[in-house]
Structures are given as C-alpha cells and as structure tokens.
Amino acid sequence: MDASARAALPLSVRDKSFPPASHGLSVEQFLSASPHRSDFATPLLTLDRAAMAHNVALMTEWASAVGVRLAPHGKTTMAPVLWQELFDAGVWALTLATAWQAQVARAHGVRRILIANEVVDPVALRWIAAELAEHEDVDILCWADGVDVVRAMTAALGGADGRLRVLVDVGRPGGRTGVRNQGTAREIAEAIAASSSLELGGVGGYEGAIAHGRGAASLDAVDAYLRDMAALHREFTDAGLYPAGARGIVTAGGSAYFDRVGAVLPGLCPDADVVVRAGAFHIHDNGYYERVSPMGRVIGDAEFRSAMHVWARVVSRPEPGLAILDCGKRDASFDEGMPVAQRVDGRADAVLEGSEVVKMNDQHAFLRLADGASLDVGDVVRLGLSHPCTVLDKWRRVPVVADADAVDPEVVDVVDTWF
C-alpha cells in the first residue's frame, strides 16, 4: 500500500486522540473542515509544518555548501510522506536500520537505500537480492564488520550474482558494531571483493557512539575517527578493491557531529561520495539535539527548530506544587530527558518557567510547579520533547499544524507512520 492509499483509509478509533466526530471520514474530508488543535483530545502529538520546512532548508543548504551528500536516517519518523519531502529537497538516499524498514521504503518507491547495519538474515538477504535483480534503478547497500559476516551473507545469497554493495563498518573498542582495527578492516574488504554475490561499496561508521558533548576532547576523538575512515578508503582504493569504475562511499555523520564530517572528510576523500546520515534534523527537539546540534552555533546563525510537541491536560492537582498531566511514556519520549513544560493554552497568566516534569508513568506525567506557577484542572500544557526517534513510534497518525506557536494551531495535514 502506498502513502496515498493509506491516507485514504478512514479515520477511526485506532487513531489516537482524533475526535470521535472524525471517525469514518477520510483525511481529506476531515481537513476540509479546517480543524484546530483544540478539536482533538489530549494527549496529542503534533508536528509543525513551518519548523520542518525551515530545518530541511537549513540542512540541504549546508550540505550543498560543503560538498557532502545527504542520506537522512528514515527510522526517525518512518513516515513516507516526510521521506518524500526530503527527496523533494534533493537528498541522495534514505538510511534505514533494518531490512524490514528498507522494505517499507521500497514499497513507497525509494530507490537508493543505505541499511546502516549488518544484514545476515537469509530471508532479508534474499529479498534484497530479488529487488536488485528485478530493478536496475534500485541500489541497496549494507554494512559488514567481520569476515564471518561476509561469509554468512554470501552463504545466504547462495552465490547469486547480485549487485549488493557492502560497506566496511568501522567501530571503536567498547562500541556497538564495527571493526576494531585497521588490519581486520582490510581483510573484510578483501572478502567482500572476493565474494561472487557482493561488491565493496566503501567505508561507514557512526561517530556519535565515541563522543559526547562538544568539548575539545570529544571533537578530537571524532576527527581522529573520521581520519581513520578516510585512510581505509584510500587503502581500499590503492589496493584496487572497488569494482572497476566505481566511486567509493565514505559515510558518517549523525545529528550531533555532522559539521565535523563536512570539515574533515571531503578534503581527505575527494574521489569518494561523502555521505552524511543525520536524521533528527528534520524534526529536531527541545532536549538532547537542541543541546548538541552544531547548527546555529558552529554553522551559521540560524538554529534548527523543534517541530514536535505533545499537548497534555491537567487531570489532577493532588497536592500543592504538583500537577498530574494525561501524558505518559506511551505518548512521549523519556529516554533522553523528560518533556519540558513550555506554555499553557489560553492562560497568559499561567507562568511555567522553572516548572519541571520530574517523573512519568505509562499514562501520566508529574509536573512539579515552580514557586508562583499556577495550573488548574483542565488546563492544557504544551510540552517540548527530547529525541524524535522515540516519539513518532508511539503514534500511528500525527496531525501537522501550520504553526505550533499560534494561539490555537490550525491542522493542515495528517502524517501516517509505518512503525
């Protein structure tokens, strides 16, 4: 089912917090009545149209200026409509984490996919081989961090003469996947090049796993890691391990250090496609990525803007200084920081500065109020969130508002997710 077909499905009780009056209507019919945020139940996740457009424009302009390609991580949203916005803006490919996610992307017409992960599942590999065999314009790439991984892939493919390009995954001791030393990386590349079913695609890695923050030591560690990746690409090139006439790929760049990728890799790898896989920039946040993103600090003056908010209602004031909201772990992220209370709808006198969400249950948030703050049962609080990757997966359909800062934001679209 493509995105347009799914959008044609009528709204129903499966669509969390949509008003019961919308059930049975198509999305188009629902939007024709110009609904607003106040027409929905709480809790409610919304996306901000203006903020998303702003973020995509900033990122694509930066990539063009420094000479890198973008392959945003689609797992952040798993929303084909939002993926299409990225392709419309000129991104080179879509990054995903699993073969199933890649299947979703192919079902929606995505032709170039980077699976930033080891794929050894025989079912998944046979599907990839079939896609490549049936569609000459499709390119699917994945990673390997051991000769044993290459052997498992080759065995699963059964000697199929495929076009599956594989990147050597470069890691660090104590990290997640990724080869731990340069010598083994060369062995992996040679094994890929020798496989009848695989081709060497280049070098990949994730620098965000080896550093935290933007102190000098963290940035030095990131730069050293990137230089190691560039050295491997040069070694593979000099050894003739890439297919004849092929241009190698060197890819890194999560949403925290993509500026270092742009500063380091293009100069060291002029003969490669340098690909940045940052994905959180599209939605951004009011937490972790707001603190670590280089945009507006290291890069230019304009910052990314958070495009996601949850609107939650006060359901209880059980004791002085405490408000209980109807938003919990099933509605909002909590793994990279608690939601942030930003404003109260319709009450200019309700100051929330200094108030803090201190705990969340499955369906409730505990908002500890600062001195002088006041909230009444029934008030609706807008919450800023941290880490978009663990927000969108909680919602099947998400209203898109024109401007989340409006008094009562108008809903202008509905996004389907495919988690």
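Modeller: Start with a pair of helices. This is a predicted model. H9 and H10 make a right-handed crossing.

Colleague: Are H9 and H10 roughly parallel or oblique to each other?

Modeller: Their axes come within 10 Å and cross at roughly 30°. Angles under 35 degrees count as roughly parallel. H9 and H10 are therefore roughly parallel.

Colleague: How many charged residues does the contact of H9 with H10 have?

Modeller: H9 brings Leu219, Val222, Asp223, Leu226, Arg227 and Ala230, and H10 brings Arg260, Val261, Val264, Leu265 and Leu268. By class, 8 are nonpolar and none is polar. The charged residues number 3.

Colleague: Is H8 oblique or roughly parallel to H9?

Modeller: The axes of H8 and H9 come within 11 Å, with a crossing angle of roughly 40°. That angle makes H8 oblique to H9.

Colleague: Which residues of H9 does H8 meet?

Modeller: H8 passes H9 in a right-handed crossing. From H8 come Gln182, Ala185, Arg186 and Ala189. Their partners in H9 are Asp228, Ala231, Leu232, Glu235 and Phe236.

Colleague: How far apart are the end C-alpha atoms of H9?

Modeller: H9 has 23 residues, 216-238. At 1.5 Å a residue, H9 should span 33 Å. The model agrees, because the end C-alpha atoms are apart by 33 Å.

Colleague: Which strands are among the elements that cover the buried residues of H9?

Modeller: The buried residues of H9 include Val222, Tyr225, Met229 and His233. Helices H8 and H10 are part of the cover. The cover also includes strands S6, S7 and S8.

Conventions. Residues are numbered from 1 along each chain as its sequence is written. This is a predicted model: local features need pLDDT of at least 70, side-chain atom pairs count only at pLDDT 80 or more; totals for chains, interfaces and linings use all residues. Side-chain values use heavy atoms; hydrogens and water are left out. Helices (H or I, at least four residues) and strands (E, at least two) are DSSP runs, numbered from the N terminus. The expected span of a helix is 1.5 Å times one less than its number of residues. Buried means under 20% relative accessible area, exposed over 50%, partly exposed in between (1.4 Å probe, protein chains only). Contact means heavy atoms within 4.5 Å. Axes are lines fitted to C-alpha atoms, for helices over the stretch in contact, and angles run from 0 to 180 degrees between N-to-C directions. Angles under 35 degrees count as roughly parallel, over 145 as roughly antiparallel, 65 to 115 as roughly perpendicular and the rest as oblique. A crossing is left-handed if the near helix is turned anticlockwise from the far one by less than a right angle, and right-handed if clockwise. Ala, Val, Leu, Ile, Met, Phe, Trp, Tyr, Cys and Pro count as nonpolar, Asp, Glu, Lys and Arg as charged, and the others, Gly among them, as polar.
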